[in-house]
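Open the model in a viewer and keep the selection panel at hand. The stops below say what to select next and what is there.

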Amino acid sequence: MPPETILNIHGLVKQFGNLKAVDGLQLEVKTAQIFGILGPNGSGKTTTLSMILGLIRSNQGSFEWFGQPLSPAILKRIGSILETPLFYPYLNAIDNLKIIADIKETTYDEIPDLLRMTGLYERRRDAFRTYSLGMKQRLAIAAALLGNPEVLILDEPTNGLDPQGIADIRAMIIEIGKQGKTIILASHLLDEVQKICTHVAVLKKGVCLYSGSVDAILSDGVLLEVSAEDINSLEQEIQLCAWAQLHNNHNGILKVQLDKDHTPADLNFYLIEKGVRVNHLSTTKKSLETHFLELLKQQA
Amino acid sequence: MKRLGLITFRKLFKSRVFWIMLSLYVLSLSGMLFGVESFMNKIAGDATINSPIPIPDFSLYQFPYIWHNLSYLAGFLKIFTALILIIFVAADYSYRTNRLQIMMGLSRGEYFVTQCIFVFALALFSVLILAVWVLIQGFLHSTDLSLMSITSKSYFLAAYTLEIIAFLSFALMIVTLLRRSGLSIVTFLVTYFVIEPIVRFYVPDVVAANLPFKRIGNIIDVPNSSLMQLFGLNFKTYIDYRDLIIVLLYTLLFLGITYWIIRRRNL
């Protein structure tokens, strides 16, 4: 059975004055994906999420959740966190969650478990304003999980947290993903998307530059580290090679990218033929960061 | 509806600011309704000293006139309820919890209804306090305790309810439009005390008489006490259905605009 489409976005446009925050965005998210929306600050991530949650209106385009237009009933099947955690500062965790439970028309029974899961149980009777940022963010996750939603939307969930807080939240997201929930995660942290997500869309100035699985983006093109005693002729020969591109020379180690139909063995053979003796040859997986920066560069 | 009431209640019941403001309101209202007669008699007494004709002592607390007297007085403090409303509706905007609620699946219509519930709750609460004082003072001071006398002017209570609801609807519209509590309070007060009175001065009488605050204030006119009659003044001692209809239309207009803004706004 093919995975069901959870969210389908067709040509979404949002204009703020002269600025096109989102420009003809096209996306599809399927069941059980952990879908990363990656982009620098101001690339339209939050604007996109605000539109698909019905908080702001789009200028053009449309989207469907579960094949239907957005409605409060659909929003109750989605748990979301946008930017900063929003709660009543003078209410404690329980009272804040009870309001959410009332809104989502679900019982209060899940509240103690969610507070335990997010590590807030001990502080459940303290006012929200006394919480640290990490605790506030965890309460937001608890609120998003109330009513057992099928989809979770997280906008920069680790923003502003300390390393421990970041690790906690990431572990929590991966755990939730394992339960089969679909997660849409917006982030400007490449590392975060690489560690957590199965699929990614790269956004820049409201345009989608790439969309597909994280594995696919990581496996296209192998990056090699090559070194030789005679570094000059190595560099020369590689520059002459039609199917290898030299990226940079870092302390006598050259970073080389091969075209898809050539292997590291081919490069080794080619260099021997040319009389260059290699004393170091290793493959590195290109990090998402390299891809990301390349994508941004190509468009610039 | 029960659910929306519960949401409104949960937002308020643990806020210390809310209880302090509400207590201040109840204390001022009670103090006013409890002490007004002795205060008036003291003024009248002082005035008698310099007056060529004696001003008779009079009672504000006689059934059935007490309904009119105290409803009229209670109207002076309705500004309190408007402040409470503005502060707590604006809080939803400054904490951005309005956004949270919509995001979690509260429809914009339901969000509007939670605010209407707040308006009605404040109005009903005020009416309750007023009714309690009318009954206490009425029974303590009235000579005629027949059922007819006790109940005959109790419809002033309904008029007072409408007066407050209309007033609060205007406040709700202002705060929904401006979103910030300080700005909304200033705008509200300036409109109430300065702008509308000035406008009334410049426009034809027909228009002036139909401006919202003028009409709202007109529902319950100054009570026709013996003191007033002494000065040869005559105020209306009944509720004019035309006032009610126009104020009701204003209320619907203010609430309608509020709903429209909530529906349209990007959060």
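Start in chain B of this predicted model by selecting helix α4, residues 78-94, together with helix α9, residues 181-202. The two helices of chain B pack at an angle of about 150°, and their axes lie 9 Å apart. Angles over 145 degrees count as roughly antiparallel, and α4(B) and α9(B) are therefore roughly antiparallel to each other. The crossing of α4(B) past α9(B) is right-handed.

Now show the side chains where these helices touch. On α4(B), pick B:Ala82, B:Leu83, B:Ile86, B:Ile87 and B:Ala90. Their partners on α9(B) are B:Ser181, B:Ser184, B:Ile185 and B:Phe188. By type, the residues of this contact of α4(B) with α9(B) are 7 nonpolar and 2 polar, with no charged ones. An α-helix has 3.6 residues a turn, so residues three or four places apart point the same way.

Stay on α4(B) and colour by burial. Its buried residues include B:Ala82, B:Ile86 and B:Ala90. Also among the buried residues of α4(B) are B:Lys78 and B:Asp92. For a check on length, take the end C-alpha atoms of α4(B): they are 24 Å apart, which agrees with the 24 Å that its 17 residues should span at 1.5 Å a residue. After the helix, click on B:Arg96, which follows α4(B) and has a positive phi, near 55°.

Next, select helix α13 of chain B, residues 241-264. From its first C-alpha to its last, this helix of 24 residues reaches 34 Å, close to the 34 Å expected at 1.5 Å a residue. Which residues of α13(B) are buried? They are B:Asp243, B:Ile246, B:Val247, B:Tyr250, B:Thr251, B:Phe254, B:Leu255 and B:Thr258.

One more stop in chain B is the loop between α2 (16-50) and α3 (65-74), where B:Pro64 lies. The peptide bond from B:Phe63 to B:Pro64 is cis, with omega near -5°.

Turn to the meeting of the two chains. Here 24 residues of chain A are in contact with 21 residues of chain B. On the chain A side, the elements that give two or more residues are α2 (72-75) and α3 (93-104). Of these, α3(A) gives the most, with 7 residues. The chain A side divides into 15 nonpolar, 2 polar and 7 charged residues.

A:Ala93, A:Asn96, A:Leu97 and A:Ile100 of α3(A) meet A:Leu139, A:Ala142 and A:Ala143 of α5(A). This contact of α3(A) with α5(A) has 6 nonpolar residues, 1 polar and no charged.

Zoom out to the whole of chain A, which has 11 helices and 13 strands. Of its 300 residues, 39% count as buried.

Finish at two loops of chain A. A:Ala32, between β2 (19-30) and β3 (34-38), has a positive phi near 65° although it is a residue other than glycine. With 16 other C-beta atoms within 10 Å, A:Ala32 is partly exposed. A:Lys205, between β8 (199-204) and β9 (207-213), is not a glycine but has a positive phi of about 45°. A:Lys205 is partly exposed, with 17 other C-beta atoms within 10 Å.

Conventions. Residues numbered from 1 in each chain as written. Chains lettered and ligands numbered in written order. Predicted model: local features only at pLDDT ≥ 70, side-chain atom pairs only at ≥ 80, totals over all residues. Contact = placed C-beta atoms within 7 Å. Helix = DSSP H or I, 4+ residues; strand = E, 2+ residues; numbered from the N terminus. Nonpolar A, V, L, I, M, F, W, Y, C, P; charged D, E, K, R; others polar. Axes fitted to C-alpha atoms, helices over the stretch in contact; angles between N-to-C directions. Parallel < 35°, antiparallel > 145°, perpendicular 65-115°, else oblique. Left-handed = near helix turned anticlockwise from the far one by under 90°. Expected span 1.5 Å × (residues − 1). Buried ≥ 20, exposed ≤ 12 C-beta atoms within 10 Å, placed from the backbone.
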